[in-house]
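Welcome! Have a look at the structure below, then work through the exercises one step at a time.

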Amino acid sequence: MRKLIVAIAMVLLACGGAVAQDRTFRLVAPAELSETGFLKYLLPRFSLKTGIRITVVAPGDDADAAFGDNGVPVFEGLGTLWHYEHTPNPHTDRFAEWLTSDIGRDTIGSFESGGAVTFAAYVAAPKEKRAVAPTGDVVAGEANSMLHCGRCHVVSEKNRMNAIGSTPSFSLLRTFPDWQNRFEAFYVLKPHPAFTQIAEVTEPFHESRPSPIVPIELTLDELDAILAFVATIEPADLGAPIQLR
C-alpha cells in the first residue's frame, strides 16, 4: 500500500510539473529592446499576476511570440512603435490582453531608465468621423424650409421679417459643429416632437395630446432635401470672441 501511495504521489508531481512547464512561452525580442532592461521589468510583473512565465530569446530562435514591426501595436519607445505578434494559444493570448489592459498599460508607462520614462503604452488616434454630404433636392429643400420651418426660424432673407425673433436662424444653426445632426434629428428635439410628424418614423399623435399648432408633416425625402438646402447656407459671421481685460 505504501508503495502504491508513493507511486501515485510521483505521478501527481510529474503531472504538476508538466502543467507548470506548460505555463510558459518563448518571446523574441531584438537586442536593443532587451538591453534597456524594460523586459526584465515588464515580464515578471505579468508572470506575478498570471503565473505564466515568458522566456526571452533572440531573433531567429524558435518562439511563440515576438516584439517587432508586425502584429498589434502595444507600446512606443526608442523612437519605435513596437508591435506584439503571436501564435494563438491561451498564454500568448493572455499576454496580449494584459499588454492592452489598464494594468498592463500602467506597467509599461511606469518603467524608468536613468530617472526618465522610456516607454509609453500605445494610444490609437481617434478615427475622424466624416459627415455624409446631403444629396437631396436643394430647390425642394428651400421650399420645404420656407413652408414648414419659416413659421419660426429665419430661413433666409426672404422671410426675415416673418419669423419669431427668439428662435435661432438657419445661418446661426450652421455655425454649430453638429448642425447636420441637429437638422437630421430635429423632430426629436424640443419643442418639435409636439407638432412634427415624419412619415414612417414618428408615432401618430395621441388622441389626448393633439398638436398644439398646425402640424409639420414631412417625408424622409423632404427632410433630405432640407438638409441639402441647409448645407448651402453660409454660417453666420459671429465676429471675434469677446476679450475680457
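**Exercise 1.** In which helix is His148 found?

*Solution.* Start with the ground rules: this is a predicted model, in which local features need pLDDT of at least 70 and side-chain atom pairs count only at pLDDT 80 or more, while totals for chains, interfaces and linings use all residues. Residues are numbered from 1 along each chain as its sequence is written, and side-chain values use heavy atoms, leaving out hydrogens and water.

Step 1: find position 148. His148 belongs to helix H6, residues 138–149. Helices (H or I, at least four residues) and strands (E, at least two) are DSSP runs, numbered from the N terminus.

Step 2: check its surroundings. His148 has a relative accessibility of 13% and so counts as buried (under 20% relative accessible area; exposed is over 50% and partly exposed is in between, with a 1.4 Å probe and protein chains only).

Step 3: list its partners. Apart from neighbours within four places in sequence, His148 is in contact with Ile216, Glu217 and Leu218, where contact means heavy atoms within 4.5 Å.

**Exercise 2.** Describe how helices H3 and H4 cross.

*Solution.* Two packed helices are described by the angle between their axes and the distance between the axes.

Step 1: apply it. The axes of H3 (residues 38–50) and H4 (residues 90–99) come within 11 Å and cross at roughly 110 degrees. Axes are lines fitted to C-alpha atoms, for helices over the stretch in contact, and angles run from 0 to 180 degrees between N-to-C directions.

Step 2: classify the angle. H3 and H4 are therefore roughly perpendicular to each other (65 to 115 degrees; under 35 is roughly parallel, over 145 roughly antiparallel and the rest oblique).

Step 3: name the residues. H3 contributes Leu42, Leu43, Arg45, Phe46, Lys49 and Thr50 to the contact, and H4 contributes His91, Arg94, Phe95, Trp98 and Leu99.

**Exercise 3.** Is Arg23 buried or partly exposed?

*Solution.* Step 1: locate the residue. Arg23 lies in the loop between helix H1 (2–22) and strand S1 (24–28).

Step 1: read its accessibility. With a relative accessible area of 31%, Arg23 is partly exposed.

Step 2: look for partners. Beyond its neighbours within four places in sequence, Arg23 is in contact with Thr50, Gly51, Ile52, Arg53 and His91. The side chain of Arg23 reaches the backbone oxygen of Gly51 at 3.5 Å.

**Exercise 4.** How many helices and strands does the protein chain have?

*Solution.* Counting along the protein chain gives nine helices and ten strands.

Key. Polar contact = N/O pair within 3.5 Å; in protein donor to acceptor, adjacent residues only side chain to side chain.
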